[in-house]
Amino acid sequence: MPILILADHDNASLKPATAHTVTAATKLGTDIHVLVAGRGATPAAEEAAKLAGVAKVLLADDASYEHALAEPVAALLVSLAPGYSHILAAATSVGKNVLPRVAALLDVAMISEITAVVSADSFERPIYAGNAIATVQSADPVKIVTIRTTAFEAAAAGNCAAVESVTTPAAPGPSSFVSAELTKSERPELTAARIVISGGRGMQSGENFPLLEALADKLGAAVGASRAAVDAGFVPNDYQVGQTGKIVAPELYIAVGISGAIQHLAGMKDSKVIVAINKDEEAPIFQVADYGLVADLFKALPELQQAV
Amino acid sequence: MKILCAVKRVVDYNVKIRVKTDQSGVETSNVKFSMNPFDEIAVEEAVRLKEAGAATEIVVVSIGPAQAQETLRTALAMGADRAILVQTDGATEPLAVAKVLKALVEKEAPGMVILGKQAIDDDCNQTGQMLAALLGWAQGTFASKVVAGDGKVAVTREIDGGLEVVSLTLPAVVTADLRLNEPRYASLPNIMKAKKKPLETVTPDALGVDVTPRLKTLKVAEPPKREAGIKVPDVAVLVDKLKNEARVI
Ligand SMILES: Cc1cc2nc3c(=O)[nH]c(=O)nc-3n(C[C@H](O)[C@H](O)[C@H](O)COP(=O)(O)OP(=O)(O)OC[C@H]3O[C@@H](n4cnc5c(N)ncnc54)[C@H](O)[C@@H]3O)c2cc1C
Ligand SMILES: Nc1ncnc2c1ncn2[C@@H]1O[C@H](COP(=O)(O)O)[C@@H](O)[C@H]1O
């Protein structure tokens, strides 16, 4: 039976998370369909059609899908569900919002944020902030699953799948979009960057983040933060790395003025190389760091920026 | 408007959990339990809505073992009016919890249900969305601001790219994110008062809900361990290591 993926996109373009989800789907079967639900979303659908492994793209173009509201998108997925063995999405804010709604409407369990496919019905997923890995098996007729993107490579481009329009069911309208305030940045996206530099409470204020940003720009890195730094208002909420923020696994993660609470480690401990800069040599972050520098960050950051 | 809040008893967020040697689960004997941190935020929000005159009564619900009464008493001490324990000793999956909550919503007829966005034990992030689906209600997940209006509620949501505001027709389901508020500590007099507030115990059977898990846990294993590396004396050595040893810059 085919597998259906809910694409993550902003109508104009496809989010990289979708390419990772396609790779997870290739471990379950070969007949992979990608649903692009949006408004004026043809460009996103065309990008999805280029991903290797995709057999078909379903384009549902309707005003009600413009902002990916959970109620109409879930209703659409439910209408398409018969005939699919699996419905997948990336564990992004869209996937996390929509898929549980689909699962409940279909009266099946859902499996969140898998990090490995064991077989068509069994999956590995982290629990307790990644301090344990559960292998769970589902007997439900359709498996509803979100994918942790860092655990699966991105599918390559170079395909040319057909794009088919699908008819859209009447959209339930108990909610409506009002506005969005999106963080604008020239830097790479946190979850897709090769290098991530995150600042914590040790940064002391938002005014000091340019120290970190200057280094990030020199390295082509994305900027992240601990919850404490976000709560204190140093940086916007979408910078948060951790159990309940973004999960990142770059080639290089540099934690600056971050103590290393388990909730933070949950979001970055799968990075290839970890550097920690902290003035407290006992800080738990050093227990996971490949290279630890015990130093005052206000001295180390400018030096580092000079040296790289 | 009546508000229903769902609170889960979980292993305290400060506990470094251990996986059982037979890989059947995590060690939960002799560890500290407390209210799921996101649920404290949910209760706090309900209490603030009541203090602001937007809500009239707060009912808190927990699905779990007898000890979940402590969690409910904590919520009562924070300012909830009444508690319901749906007692069950087995695992509680989000779909089952959502069905139990739906049954209670049908009895209690709240104008809003507030849950945490995620339980920090199973890390599922599903229950609120599932409840909204079963009720056919609107959902405002990952809320960092809630403004109740006339027949509607405006919810500011934390999304991957920043923030988004949605307007939900009431009744609706809201799930709380970290920055919605800072939960209060219950004062001693309020803890004493909470002991006298009503706490009713029911069973899933009495509500007509089957809570048998749908998923089978085949095993629970330790994640791969990450070894601590080395300390470098200064920035120059750090840069040298990153360039020539790790080759990442
Ligand atoms: C339900 C829940 C979910 C959570 N989710 C997340 C999450 O997703 N992500 C997350 O990050 N946290 C999360 N947390 C919070 C987490 O528990 C910690 O509180 C948080 O990570 C601490 O942030 P921090 O390391 O920046 O601050 P602190 O723990 O205060 O550490 C600051 C560090 O900076 C160092 N420092 C200070 N000044 C300097 C200086 N001049 N030079 C060098 N070093 C300096 C200090 O030595 C210290 O180690 C969550 C908590 C809960 C309860
Ligand atoms: N057993 C439970 N009892 C009460 N509330 C629960 C229970 N399980 C989940 N919830 C609620 O649902 C939210 C999300 O949980 P989850 O979907 O398991 O991550 C929690 O923050 C609680 O508000």
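Modeller: Quick definition before we start: strands here are DSSP runs of E, at least two residues long, helices are runs of H or I of at least four, and both are numbered from the N terminus. Also, keep in mind that this is a predicted model.

Colleague: Got it. Which peptide bond is cis?

Modeller: The one from B:L170 to B:P171, where omega is near 0 degrees.

Colleague: And where does B:P171 lie?

Modeller: In a loop of chain B, between β9 (162-169) and β10 (172-176).

Colleague: Backbone angles next. What is the phi of A:Q204?

Modeller: It's positive, about 75 degrees, even though A:Q204 is not a glycine. You'll find A:Q204 in chain A, in the loop that links β12 (195-199) and α5 (209-219).

Colleague: Is A:Q204 buried or exposed?

Modeller: Exposed, because its relative accessibility is 56% and the cut-off for exposed is over 50%.

Colleague: What about B:A109, what's its phi?

Modeller: Positive again, at about 50 degrees, and B:A109 isn't a glycine either. B:A109 is in chain B, in the loop between α3 (94-108) and β6 (112-116). With a relative accessible area of 59%, B:A109 is exposed.

Colleague: Changing topic: how many disulfides are there over all chains?

Modeller: The search of the whole structure comes back with 0.

Colleague: Okay, sheets. What is the strand order in the open sheet of 6 strands?

Modeller: The order runs β13(A)-β12(A)-β14(A)-β15(A)-β16(A)-β13(B), and the pairing is parallel.

Colleague: Which strands stand at the edges?

Modeller: β13 (222-225) of chain A and β13 (230-232) of chain B. Each has a single partner strand, so one side of each is left without a neighbour in the sheet. On average, neighbouring strands of this sheet are turned by 20 degrees against each other, direction ignored.

Colleague: How many bridges are there between β12(A) and β13(A)?

Modeller: They pair over 4 bridges, in the parallel sense. As a landmark, A:V196 stands opposite A:A222 in β13(A).

Colleague: Which helices pack on the sheet?

Modeller: One of them is α5(A), which touches β12, β13 and β14 (252-256) of chain A. The direction of α5(A) makes about 175 degrees with that of β12(A). Helix α6 (residues 235-245) of chain B packs on the sheet as well, touching β14, β15 (273-278) and β16 (291-294) of chain A together with β13 of chain B. The direction of α6 of chain B makes about 170 degrees with that of β16(A).

Colleague: Last stop, helix α4 of chain A. What should it span?

Modeller: Helix α4 (residues 93-105) has 13 residues, so at 1.5 Å a residue it should span 18 Å. Its end C-alpha atoms are 19 Å apart, which agrees.

Colleague: And how many of its residues are buried?

Modeller: 11 of the 13 in α4(A), so that helix is mostly covered. Among them are A:S93, A:K96, A:L99 and A:R101.

Colleague: What follows α4(A)?

Modeller: A:D107 does, and its phi is positive, near 55 degrees.

Terms used. Residues numbered from 1 in each chain as written. Chains lettered and ligands numbered in written order. Predicted model: local features only at pLDDT ≥ 70, side-chain atom pairs only at ≥ 80, totals over all residues. Heavy atoms only, no water. Buried < 20%, exposed > 50% of the residue type's maximum accessible area, 1.4 Å probe, protein only. Disulfide = S-S within 2.5 Å. Pairing = 2+ DSSP bridges. Axes fitted to C-alpha atoms, helices over the stretch in contact; angles between N-to-C directions. Contact = heavy atoms within 4.5 Å. Expected span 1.5 Å × (residues − 1).
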